Amino acid sequence: MVTLFLIGLAVRVAPLLEGGDVAIPEGRLLSQWPTEDGYFMLAMGRNVALGHGLSVSGGEMPTNGTQPLTTFVWALGFSLVGGDRLLGVLLAQVLQILAALGTAWLMVKLAERALGEREGARETGLLAAGFWFASPVAIPHTMNCLETGFYALLAVGVAVAFLARPRAELWSWRRTLGFGVLLGACFWVRNDGAFLIAAACLTYLAPALDDRASFRPRLARVLAFGATSVLVASPWLIFNVVEFGHLMPVSGRAEALTGEFGGNLVGIPIVLAEYLMTVLPIPHALSGAWWMIAMATLVVVLAVGVLIARREHWTPREKQLLLLVGLYVLALVAFYGLYFGAAWFLPRYFLPASPFLALFFAVGVRWAHGFVQERGALGHLVPVAAAAAVAVMGFLHLRQYRNGADHMHFQVVRWVNENVPAETWVGAIQTGTLGFFHDRTINLDGKVNIAAYEALLADRQAVYVADETPIVYLADWVGMRDWLTMPLIAERFELIVEDEDANLGVLRRRGPPPRSGLR
């Protein structure tokens, strides 16, 4: 367990020790962990700290394309360092390490409460927390400078708070309202926290199936903590509707456009199986193969089957936790599998469920350990298995560290820094990273740009770029050249860089940009 925690800490901290240079940019501090969307959130947090409000494009374009609570945490960090980009990123990563440690601690508390009637509950929790904290599957999503690490922290916190009292006991009104505030904070971290709120409501009502006399008092408390969570969340919801005309942030609406009904279902078994196995990610190159999807599905089905087969042995606390987590995960599967797009983000969307799946994994490890101990001849397998798990995780972390010396979008940033004046506008589909380092950047896939989202819906992206923005350069991955298939773009822009090896494509406007300014 100590080894696992040391691995998890070393893997998170090592890239921070190498530092970075925002002028180039380079360095593992800047490249290892923050994703493109993470840089979006960092840029918004920095703009808030500089007094520009929730915005991108150097504060000139208001947006709600973010998850608010983490953005405001990043804003606090940037305000402490005067908006310094390098120190702000460093602070964000340190805070994410603390959040991961907090999640691990809460996992131990959760195991003590859920498994408290069984021998070794604390040890099982420590094992689960250690595996999760060192997991090569989970670590990148707890350090991506997005909301996922804080979401996992609050999701486990909600479960711990839910199990604070015996299943049949009615909560006091003070505790009920406090739980509602916690649920509201969870929504502020990410708006699909609504699924966790719904799962908590249903789980709290469940004992009334056996005791109908308790239905009314339980319903009253459900309405109370549900309404409190909505009240806590309401400033963000009102802001979205009043300023941007929709409850869902524009980032969610833009990403939903990338999918079709049921399009993500085949990817969900891969994600769930990875988090269930904790120490062993499924290679990306194999994740689309039918046989790998079938094997992952089998892993998930077997896990569910074991839970069902053992249902008569569950304690009341375990039943509560399994119902709460089961309803929550089922809602995530339905939403992200059937409705939402952006299949490449599925591991990120399911990260908050990973601590619970790691606990299930640890219970299985403890069972296997006991099974082997009962058969003395197999006792030598225990240290072998432990060493193998550490070796596999160590190899995967070393490989990830080796590949973390450069960010997949830094070639775009470097070209812009070297060839484009700071006051010149640049546009692209993927502008999270570029927009953090070059203020005058316009996002074109609509994730943070309402005007671009509306142009995308109306199939008038070319008109928006050519006639309604001051964009002079379009710079992104080499696929940026494909925009020349749009006649208006081909008329107004020319291809000046097409570098397959560097994965860089740049278009330049042929004449001066329109005077209409920024929309």
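Biologist: How much of the accessible surface of the protein belongs to carbon and sulfur atoms?

Modeller: A caution comes before the value: this is a predicted model, in which local features need pLDDT of at least 70 and side-chain atom pairs count only at pLDDT 80 or more, while totals for chains, interfaces and linings use all residues. Residues are numbered from 1 along each chain as its sequence is written, and side-chain values use heavy atoms, with hydrogens and water left out. Accessible areas come from the Shrake-Rupley method with a 1.4 Å probe, and for residues only the protein chains shown count as cover. The accessible surface comes to about 22,500 Å², and the part belonging to carbon and sulfur atoms is 65%.

Biologist: How compact is the protein, judged by its radius of gyration?

Modeller: The protein contains 23 helices and 7 strands, where helices (H or I, at least four residues) and strands (E, at least two) are DSSP runs numbered from the N terminus. The globule rule, 2.2 Å times the number of residues to the power 0.38, gives 24 Å for 519 residues, and the protein is close to that value, so it is as compact as a globular protein of that length. Taken over C-alpha atoms, the radius of gyration is 24 Å.

Biologist: What percentage of the residues in the protein is buried?

Modeller: Here buried means under 20% relative accessible area, exposed means over 50%, and partly exposed lies in between, with a 1.4 Å probe and protein chains only. Of the 519 residues in the protein, the buried ones make up 52%.

Biologist: How many cavities of 30 Å³ or more does the search find, and which element gives the largest share of the lining of the largest cavity?

Modeller: Rolling a probe the size of a water molecule over the atoms shows where empty space is left. On a 1 Å grid over the protein atoms alone, a cavity is a set of points where a 1.4 Å probe fits but cannot get out, and lining residues have an atom within 4 Å of a point; grid points are joined across faces, edges and corners, and a volume is the space filled by probe spheres set on the points. The search of the whole structure finds 1 cavity of that size, with a volume of about 130 Å³, and its lining has 16 residues, of which Ala43, Val56, Ser57, Gly435 and Phe436 lie nearest the centre. Two or more lining residues come from each of α3 (36-49), α20 (432-437) and β4 (441-443), and the largest share, 4 residues, comes from α3.

Biologist: Which residues join through a cis peptide bond?

Modeller: The bond has an omega of about -20°, and its proline is found in the loop between α1 (2-17) and α2 (28-31). The two residues are Ile24 and Pro25.

Biologist: Is Cys145 buried or exposed?

Modeller: Cys145 lies in the loop between α7 (139-142) and α8 (148-162), and its phi is near 65°, a positive value in a residue other than glycine. Contact means heavy atoms within 4.5 Å, and Gln96, in helix α5 (residues 85-114), is in contact with Cys145 as well as with Trp74, Thr142, Met143, Asn144 and Leu146, leaving aside neighbours within four places in sequence. Because its relative accessible area is 0%, Cys145 counts as buried.

Biologist: Which residues does Thr148 touch, not counting residues up to four places away in sequence?

Modeller: Thr148 has its place in helix α8 and, at 0% relative accessibility, counts as buried. The residues that Thr148 touches are His141, Arg190, Arg348 and Leu351.

Biologist: How far apart in space are Ile496 and Val506, C-alpha to C-alpha?

Modeller: Ile496 is found in strand β6, and it is partly exposed because its relative accessibility is 29%. Leaving aside neighbours within four places in sequence, Ile496 is in contact with Trp415, Tyr473, Val506 and Arg508. Ile496 and Val506 are 10 residues apart in sequence, and their separation in space is 5.8 Å.

Technical notes:
1 Å grid on protein atoms, 1.4 Å probe; cavity = no way out; pocket = protein on both sides within 12 Å on 5 of 7 lines; lining within 4 Å.
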